[in-house]
Amino acid sequence: MDREPSPPRPTIKAVARHAQVSYQTVSNALNAPERLRPDTLARVLRAVDELGYRPTQAARNLRLQTTRLIGFRSTRSGGRGIGAIEDRFLYALTSAARDRGYGVILFAADGDEDEIAMFEDLVSRGAVDGFVLFGSHRHDPRTAWLAERDVPFVSFGRPWEQTPYLYSWLDVDGHAGTLAATKHLAEQGHRRIAFIGWPEGSEVGDDRYAGYLAAAAELDLPTGGLTVRGLDGIGAGTQLASGLLAKAHPPTAFVCVSDAMAVGVMHAVEHRGLAVGRDVAVIGFDDSPLATVVQPALSSVRQPLESIARRCVDLVLERIDDPRSAVTTSVVEPTVIARGSSNPSHISPPDEA
């Protein structure tokens, strides 16, 4: 006679559902019970007994043996131009992790929900020890998912609203960056300084726009009719700047939300027969590889990605080693890198025939 198939063995996920706790909480109950409140520990152990759960060696290793891998989402460029800052940050992150004896595992995801599905897969398989997030926005479900399950992570990108949980993050002060960029142009003698930005509602874009407005208010510069916003890209920058340059009283300088937008502005200036740097000054943001492949070289606001990546690795490893380690948050100020597009003295003379 054929034997009836054995019932499936209960899993750690089944225990978590039965006890109404997170996957990580069950792992703590089995491997580090001192981290749990007595009532929570009792509830989990009761669920273990009721289901007859017996942890596999892989489950025992979840906290006792680390993978020495950090998860990081690989994103599409989205047409934002050459050398998106994600590429620079990823290289810096990988290098910093290597120096600490860790590796970075990349996974592709299109959108927040897809990324969360990858979190769940990697965590359930014990494939990573933690995550570094890139970018943030209001109502970000990724940080909530990770925080609620006690998964170690750090975010390069601040929370843009109050959240019921705390987590470590670092971010670049975009407000300070565009404020400094606007002041740099004013120091060159410009008064009609335009701003080319992203659509309203972009948290990073709004922050950079606010810095421009703050500098204009401090220096008593006009802003009426000098600000336009659109989707990122070289073509968009050209189109938006062309409209401003066609006015009776056009701007003599531009602060741009990104390097891609700034290169588009440079094209618009040249299309009108004007010289970038001499007739119209332009400054971008991010100091991407684009900044040094155009002529004249593009002035830009540089984000300290290398030091941020190193700090992200330090913070996520602290959280991996001790889930109760202190939460750390930091806003890092960027630096204006002045080149020929905003400072005529930096423009290289043309080659003599």
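Author: An axis here is a line fitted to C-alpha atoms, for helices over the stretch in contact, and angles run from 0 to 180 degrees between N-to-C directions. The model is predicted. In it, helix H1 (residues 12-19) and helix H2 (residues 23-31) pack with their axes 8 Å apart, at an angle of about 105 degrees.

Reader: Why are H1 and H2 called roughly perpendicular to each other?

Author: The angle between H1 and H2 is about 105 degrees. Angles of 65 to 115 degrees count as roughly perpendicular, and H1 and H2 are therefore given that description.

Reader: What makes the contact between H1 and H2?

Author: H1 contributes Ile12, Lys13, Val15 and Ala16, while H2 contributes Tyr23, Val26 and Ser27. Contact means heavy atoms within 4.5 Å. By class, five of these residues are nonpolar, one is polar and one is charged.

Reader: Which residues of H1 are buried, and what covers them?

Author: Buried means under 20% relative accessible area. In H1, Ile12, Ala14, Val15, Ala16 and Ala19 are buried. Their cover includes H2 and helix H3 (38-51).

Reader: How many helices and strands does the protein have, and what part of its residues counts as buried?

Author: The protein has 12 helices and 12 strands. Of its 353 residues, 49% count as buried by that 20% cut-off. Its accessible surface comes to about 17,300 Å², with 51% belonging to carbon and sulfur atoms.

Terms used: Residues numbered from 1 in each chain as written. Predicted model: local features only at pLDDT ≥ 70, side-chain atom pairs only at ≥ 80, totals over all residues. Heavy atoms only, no water. Helix = DSSP H or I, 4+ residues; strand = E, 2+ residues; numbered from the N terminus. Parallel < 35°, antiparallel > 145°, perpendicular 65-115°, else oblique. Nonpolar A, V, L, I, M, F, W, Y, C, P; charged D, E, K, R; others polar. Buried < 20%, exposed > 50% of the residue type's maximum accessible area, 1.4 Å probe, protein only. Areas by Shrake-Rupley, 256 points an atom, 1.4 Å probe, with all protein chains shown as cover.
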